[in-house]
Amino acid sequence: MQKVLDELWNTLHNPQKVSCNVLREHWVKVIDIDGKSLIQIHVPRGSCKQRPVYQV
């Protein structure tokens, strides 16, 4: 699970991959459902200056 989280943050902090990182650490949580770990991510709306947010 940590490998997936590390890859997520590395990609989001790479300006060659994503135009703008709008996520914060407290919006990314690992939750357990029926013995399985899932990553829950709240993706907020970008501000007018940040939009459009896109994958490069």
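**View 1. Cysteine sulfurs and the disulfide count in a predicted model.** A disulfide is a covalent bond between the sulfur atoms of two cysteines. When a disulfide is taken as a pair of cysteine sulfur atoms within 2.5 Å, the count for this model is zero. The sulfur of C20 lies 13 Å from the closest cysteine sulfur, that of C48, which is too far for a bond. C48 is likewise in no disulfide. The model is predicted: local features need pLDDT of at least 70 and side-chain atom pairs count only at pLDDT 80 or more, whereas totals for chains, interfaces and linings use all residues. Residues are numbered from 1 along each chain as its sequence is written, and side-chain values use heavy atoms, with hydrogens and water left out.

**View 2. Accessibility of C48 and N21.** C48 is exposed, at 66% relative accessibility, while N21 is buried, with a relative accessible area of 15%. Buried denotes under 20% relative accessible area, exposed over 50%, and partly exposed the range in between (1.4 Å probe, protein chains only).

**View 3. Surroundings of N21.** N21 belongs to the loop between α1 (2-12) and β1 (28-33); helices (H or I, at least four residues) and strands (E, at least two) are DSSP runs, numbered from the N terminus. Beyond its neighbours within four places in sequence, N21 contacts W9, L12 and H13, contact meaning heavy atoms within 4.5 Å. The N21 side chain reaches the backbone nitrogen of L23 at 2.9 Å. A separation of 9.6 Å lies between the C-alpha atoms of N21 and Y54, which are 33 residues apart along the chain.

Key: A polar contact is a pair of N or O atoms within 3.5 Å; within protein, one must be able to donate a hydrogen and the other to accept it, and residues adjacent in sequence count only if both atoms are side-chain atoms.
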